[in-house]
Amino acid sequence: MYRSMVALGSSFAAGPLLRPVADRPAMRSMRNYPRLLAGRLGCELVDLTVSGATTKTVIDVPQVTMTGEQYPPQLAGMPPDADLVTITVGGNDIGFIGAMMYHAWRRHDAKSLVLQGIEPPGALEDPIGRVAEGLGRVVRAVREHAPGARIVLVDYLTVLDDDRGSAEIDYSATELALFRQRQTQLAAGFRRAADDEAVDLMPISAASSGHGLGSAEPFVFDFIPDPLRTTGSFHPNERGMAFVADQLADRLSGDRLP
């Protein structure tokens, strides 16, 4: 079985709002999928995830959080003898959840100071290529740091199904189309990176279809209007994190090290 695991990624791995909290500035939970998975596999975990991360801040750019704390590039903390590395990052490279947050706050309170910290969504050139290229750089860097590790790309839980939307925000049809497009582009970027780099992909987006906003059992939080907690909007809830961990554990628990 795996002896040591490293988790890299952004908020969909870190788990903002989920208690108990492991690292408050990083908005990293002790109940995120990396911690749950490590418990299921019985291995040691180095959790380097930071909410707000991009592929660049995983690789070689320090990350400054919303509260001003600075984290070194995540790869700087990776032990070279890691057996397993999970990677969930790329959504912030194309402003996926940021777009949903921006339009939600514009509708909820257009004068809110929260909007000052959210970049308005704009047109993107080749978003699938942007995600795939960024993930490819992460994979290659991981191979240099921990050449013996099994690498698994873990894409994002479904936020929006095709037939439902937020129960809290009355998004326009145009806005929903944009969000669904970016969700699709993100998943496609993961698939391309997995193919290009010949690494494993855990397609959580497909596996969680039917559990988006407005479903009978959503795996993500809806919009949270409290400015102190709003960063958890549209992010994995407890059920979502447990689902990701269970999917990965089912796939990895029978593996043996060379």
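Helices (H or I, at least four residues) and strands (E, at least two) are DSSP runs, numbered from the N terminus. This is a predicted model, in which local features need pLDDT of at least 70 and side-chain atom pairs count only at pLDDT 80 or more, while totals for chains, interfaces and linings use all residues. Residues are numbered from 1 along each chain as its sequence is written, and side-chain values use heavy atoms, with hydrogens and water left out.

**Stop 1: threonine 65**

Please select threonine 65, which is placed in the loop between β5 (63-64) and β6 (70-71). Its relative accessibility is 10%, so threonine 65 counts as buried; buried means under 20% relative accessible area, exposed over 50%, and partly exposed in between (1.4 Å probe, protein chains only). Leaving aside residues up to four places away in sequence, threonine 65 touches Pro25, Val50 and Tyr71, where contact means heavy atoms within 4.5 Å.

**Stop 2: the sheet**

Next, display strands β4, β1, β7, β8 and β9, in that order: they form an open sheet of 5 strands with parallel pairing. Two strands are taken to pair if DSSP finds at least two bridges between them. In general, strands of a sheet pair through backbone hydrogen bonds, either parallel or antiparallel. The edge strands are β4 and β9 (200-202), each of which pairs on one side only. On average, neighbouring strands of this sheet are turned by 25 degrees against each other, direction ignored.

Helix α6 packs on the sheet and touches β7, β8 and β9; the direction of α6 makes about 160 degrees with that of β8. For such values, axes are lines fitted to C-alpha atoms, for helices over the stretch in contact, and angles run from 0 to 180 degrees between N-to-C directions.

Now select strand β1 (residues 4-9). How many of its residues are buried? The count is 6 of 6, and the strand is mostly covered. Ser4, Val6 and Leu8 lie on one side of β1 and Met5, Ala7 and Gly9 on the other, and both faces are covered. With strand β4 (residues 44-47), β1 pairs in the parallel sense over 4 bridges. Within β4, valine 46 is the bridge partner of valine 6, and aspartate 47 is that of alanine 7. With strand β7 (residues 84-88), β1 pairs in the parallel sense over 5 bridges; here leucine 84 is the bridge partner of methionine 5.

**Stop 3: aromatic pairs**

Rings of Phe, Tyr and Trp (its six-membered ring) pair if their centres lie within 6.5 Å; planes under 30 degrees apart count as stacked, over 60 as edge-to-face and the rest as tilted. By this rule there are 6 aromatic pairs. Select phenylalanine 12 and tyrosine 156: their ring centres are 4.7 Å apart and their planes stand at 35 degrees, so the pair is tilted. This pair links distant parts of the chain, 144 residues apart, with phenylalanine 12 in helix α1 (residues 11-14) and tyrosine 156 in the loop between β8 (150-154) and α6 (173-197). Phenylalanine 12 counts as buried because its relative accessibility is 4%, and tyrosine 156 is buried with a relative accessible area of 5%.

Then select phenylalanine 223 and phenylalanine 234, whose ring centres lie 6.4 Å apart with planes at 25 degrees, so the pair is stacked. Both residues lie in the loop between α7 (204-207) and α8 (238-252), so the pair ties together parts that are 11 residues apart in sequence. Both phenylalanine 223 and phenylalanine 234 are buried.

**Stop 4: backbone details**

Most residues other than glycine have a negative phi, and most peptide bonds are trans. Select arginine 19 and proline 20, which are joined by a cis peptide bond with omega of about 0 degrees. Proline 20 is placed in the loop between α1 and β2 (21-23). Leucine 17 is also found in the loop between α1 and β2; its phi is positive, near 80 degrees. At 27% relative accessibility, leucine 17 counts as partly exposed.

Although not a glycine, alanine 198 has a positive phi of about 55 degrees. Is alanine 198 buried or exposed? Alanine 198 is exposed, since its relative accessible area is 66%.
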